[in-house]
Amino acid sequence: MKRVCITILLCSLLGIASCSKNSGSPSLPTADLVLDTYVKALGGQDAIARVNSRLSKVENYAKTPSKYMSVTMTPEGTLREGFDGAAGWGIDPTGRMRDWTADEIALSARTRNLHRDIEFKSLYTNIAVVGQENVEGRPAYVLELTPKAGKAEKMFFDAQTGLLIEHEYEVVGPQGARPFMYLYDNYKEVDGVKLPFTIKRVKPSGYTVKIDEVRPLNP
């Protein structure tokens, strides 16, 4: 009888120790759940799928699947970029024009896709939740997304609202590999879909873009 009591007590203590150890680390959701919550927070799959063109001021023209042209005022001057779905180009504030690298083209094909938010699984070969961090004081789930070409990206989704609030990636350009980091805020609904009206680039050089208006190209 004593042996039985001792065994039961030992098992109980081990169970308590195990619970105590696990209680310190938060339970993370699956990548599918984070992305599904994100799509619902934006307005739903049907609303996103209905968007086929978009004009944002500062000038940013976009059309499905991944075509776009943008004119952005930065502290260094005006930056112009264009992408037709297969080739891209840019004109820097000094007026110098250059064609994009293969890495820049692949990145734009993913990130400039108007339906990206409902096509993650076709744009990336692997998506996984890798942790939880604070972004601007808000808890966020961190997803690591591996594209078909190029290095893995990280996206941070607000744990409360489900919205994307940070995006980190690396792109290979004429100057070699450069890290980029963007923050997204001030979401507003446009045609049933929530969009960030404040976009802050933290890396490689910081500036903030505040969008005044977003509408379809052919209303």
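Visitor: Hi! What makes two rings count as a pair here?

Guide: Rings of Phe, Tyr and Trp pair if their centres lie within 6.5 Å. One thing to keep in mind is that this is a predicted model.

Visitor: Which residues do ring pairs link into a cluster?

Guide: Y38, F120, Y124 and F157 are the cluster linked by ring pairs.

Visitor: And how many aromatic pairs are there by this rule?

Guide: The count is eight aromatic pairs. One of them is formed by Y68 and F83, with 6.4 Å centre to centre and 45 degrees between the planes, and this pair is tilted.

Visitor: Where do Y68 and F83 lie?

Guide: Y68 is in strand β3 (residues 67-74) and F83 is in strand β4 (residues 77-83), so the pair ties together parts that are 15 residues apart in sequence.

Visitor: Is Y68 buried or exposed? And what about F83, buried or exposed?

Guide: Y68 counts as buried, at 5% relative accessibility. F83 is buried too, with a relative accessible area of 4%.

Visitor: Okay, now Y169 and Y182. Why is that pair stacked?

Guide: Their ring centres are 6.3 Å apart and their planes are at 15 degrees, so the pair is stacked; planes under 30 degrees apart count as stacked. Y169 belongs to strand β10 (residues 164-173) and Y182 to strand β11 (residues 176-190), so this pair ties together parts that are 13 residues apart in sequence. Both tyrosines, Y169 and Y182, are buried.

Visitor: What lies over the face of Y68?

Guide: That's R112, at 4.0 Å from the ring centre of Y68. There is also K188, whose charged end sits over the ring of F197, 5.0 Å from its centre.

Visitor: Changing topic: how many residues does the largest nonpolar core have?

Guide: The largest nonpolar core has 41 residues, and F120, I127, L143 and F157 have the most contacts inside it. Helix α2 (residues 31-42) gives the most to this core, with seven residues. Another core, of seven residues, lies apart from it and includes A140, V142, F156 and I165.

Visitor: What is F157 in contact with, leaving aside neighbours within four places in sequence?

Guide: The contacts of F157 include V34, L35, Y38, P139 and L143.

Visitor: Last one, the whole chain: how many helices and strands?

Guide: The protein chain has five helices and 14 strands. Buried residues make up 37% of its 219 residues. The chain exposes about 12800 Å², with carbon and sulfur atoms supplying 53% of that.

Notes: Residues are numbered from 1 along each chain as its sequence is written. This is a predicted model: local features need pLDDT of at least 70, side-chain atom pairs count only at pLDDT 80 or more; totals for chains, interfaces and linings use all residues. Side-chain values use heavy atoms; hydrogens and water are left out. Rings of Phe, Tyr and Trp (its six-membered ring) pair if their centres lie within 6.5 Å; planes under 30 degrees apart count as stacked, over 60 as edge-to-face and the rest as tilted. Helices (H or I, at least four residues) and strands (E, at least two) are DSSP runs, numbered from the N terminus. Buried means under 20% relative accessible area, exposed over 50%, partly exposed in between (1.4 Å probe, protein chains only). A charge sits over a ring if NZ of Lys or CZ of Arg is within 6 Å of the ring centre and within 35 degrees of the ring normal. Accessible areas come from the Shrake-Rupley method with a 1.4 Å probe; for residues, only the protein chains shown count as cover. A nonpolar core is a set of buried Ala, Val, Leu, Ile, Met, Phe, Trp, Tyr and Cys residues joined through side-chain atoms within 4.5 Å. Contact means heavy atoms within 4.5 Å.
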